[in-house]
2 protein chains.
Amino acid sequence: MGLIKYANLGEIMLSKNQIKEIQSLRLKKFRDEQNTFIAEGIKTVAEIIEQAPILLQEIFATKDFIYQYKTKLRQLNIHFTEVSEDELKKISLQSTPNHALALCNYFKEKKDKFDFTTNFSFYLDDVRDPGNFGTIVRLANWFGVSTIYASETSCDFYNPKVIQSTMGAFLRVAVKYAELEQLIASEKIKTVYGAVLTGKNLYQQKLQQGLIVIGNEANGISELNLKQITHPLTIPSHQNNGTESLNAAMATSIIASEFFRQLKVQS
Amino acid sequence: MGLIKYANLGEIMLSKNQIKEIQSLRLKKFRDEQNTFIAEGIKTVAEIIEQAPILLQEIFATKDFIYQYKTKLRQLNIHFTEVSEDELKKISLQSTPNHALALCNYFKEKKDKFDFTTNFSFYLDDVRDPGNFGTIVRLANWFGVSTIYASETSCDFYNPKVIQSTMGAFLRVAVKYAELEQLIASEKIKTVYGAVLTGKNLYQQKLQQGLIVIGNEANGISELNLKQITHPLTIPSHQNNGTESLNAAMATSIIASEFFRQLKVQS
């Protein structure tokens, strides 16, 4: 963020302008203008320092965090500012701020192509809940899915709540936004699974590499995108359980697990 | 709640005392004193009216909800009060209150015993996050697990956020609190699985009926309870994915799915 420049260390009070500017990053519009997103918490910020320092613009952190990382941060030539707990509260989006907040540059677009003939991936069709979205990124990372896809109506990857709930996995999974039909055409994807209510039993299918479409939390997969599904799948439930649905993150966990089991563990 | 009594309908303003009393139900102490918990939202409250009206003490709802249900509520002799959106905000725990809030009686303890020789169930060891806890209840319901167990240090089942995140499944799944060792002894459970970092590959085990222990979000299964595990299990991940863990609800989703697949779908 070009406007914020100051000394490397010391108990400098944050100005109202700084606070306002950081707070503005809650909104996509301002993130996009600045190409900047927020990542918070000891573990996440430490992980960025270790694994992707190139992302870092600057760090605001409490004394203990600064003490632990200042040598490293100076080596890397990364701006950092010590803040009090109260100051951190003003810029943090967490109800309980966790010692460090980093302003990060947007990722550069990955050039390597995801290979749909040897891997499975997910397409999030209008997944709106940042917690679900971030959890699915974390899950993709766990099961070795390096790129996932999402509709433009889905959450913004750089939403602070998405970043937070990936628990660091945002560093290792790319999210690409595309219309489903165009994605299928451009990547020549042959097999498109969809999680629906009346598909075939997930456990009884011989699953293949391809794309798995996960629908909106309330409305499922859009009518338009349903037309693209070549293999509708359903997670079977116990009979008459009275529960209508699993949430998007749970359903994706179960589906990812079964794809992983069949494609990577069994074979 | 004995103190609250008033006419059945009409735009009666909530008194400060009423608001205070309802708000106090956020705390276990007051819930236990009153044997009363809060359930919120159109869908959840409608489900209670249909499926378990015996739980209902009274309902606070906006005009539209009252209009739709007043005949039924009168038939069932359930107190209800029309409130404005603003009044609902004062008593609701949701950031966006959803038309109806019900005060409910605690469940009567179920007398039927869970049969560990024909079913699997979960033991939540210090699962503290209400969202995780509620999600696991929802998941148990989906996979036909009628009773789950939890340590006393885990979330309270009647925590409003737990109730909320079960999406109605709290009506169909019993949660019993017990120490693990005592539960195993009293129910003569032979097979105790535990989700740990260094167990056997979940997908490569022949899974049996029994109890599956799910650990705390940050610390996993307690040392004391680890001693009870007869079958340590691990959800395998893609090599070198850099993600250390899945969250408790995701891990439970995957494990429940695999038990269900092996025990109820394959056979």
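Which strands of chain B does helix 6 of chain B lie across? The legends below take up this question after two views of the pair of chains. This is a predicted model, in which local features need pLDDT of at least 70 and side-chain atom pairs count only at pLDDT 80 or more, while totals for chains, interfaces and linings use all residues. Residues are numbered from 1 along each chain as its sequence is written, and chains are lettered from A and ligands numbered from 1 in the order in which they are written.

**View 1. The rotation axis between chain A and chain B.** A rotation of 180 degrees, with 0.0 Å of shift along its axis, superposes chain A on chain B with an RMSD of 0.0 Å. The two copies are thus related as by a two-fold rotation axis. Superposition is by least squares on the C-alpha atoms of residues with pLDDT of at least 70 in both copies. Of the residues of chain A, Ile254(A) comes closest to the axis, its C-alpha lying at 2.6 Å.

**View 2. The contact between the chains.** Chain A gives 27 residues and chain B gives 27 residues (contact: C-beta atoms, placed from the backbone, within 7 Å). Helix 10 (248–265) of chain A supplies the largest share of its side, eight residues. By class, the side of chain A that touches chain B has eleven nonpolar, twelve polar and four charged residues. Here Ala, Val, Leu, Ile, Met, Phe, Trp, Tyr, Cys and Pro count as nonpolar, Asp, Glu, Lys and Arg as charged, and the others, Gly among them, as polar.

**View 3. The open sheet of chain B.** Six strands stand in the order 7-6-5-9-8-10, with parallel pairing (at least two DSSP bridges between two strands). Helices (H or I, at least four residues) and strands (E, at least two) are DSSP runs, numbered from the N terminus. Strand 7 (174–177) and strand 10 (231–234) of chain B are at the edges, each with a single partner strand, so one side of each has no neighbour in the sheet.

**View 4. Helix 6 of chain B on the sheet.** Helix 6 of chain B lies across strand 5 (120–124), strand 6 (147–150) and strand 7 of chain B. Helix 6 of chain B runs at about 175 degrees to strand 5 of chain B. Axes are lines fitted to C-alpha atoms, for helices over the stretch in contact, and angles run from 0 to 180 degrees between N-to-C directions.

Methods: Two residues are in contact if their C-beta atoms, placed from the backbone, lie within 7 Å.
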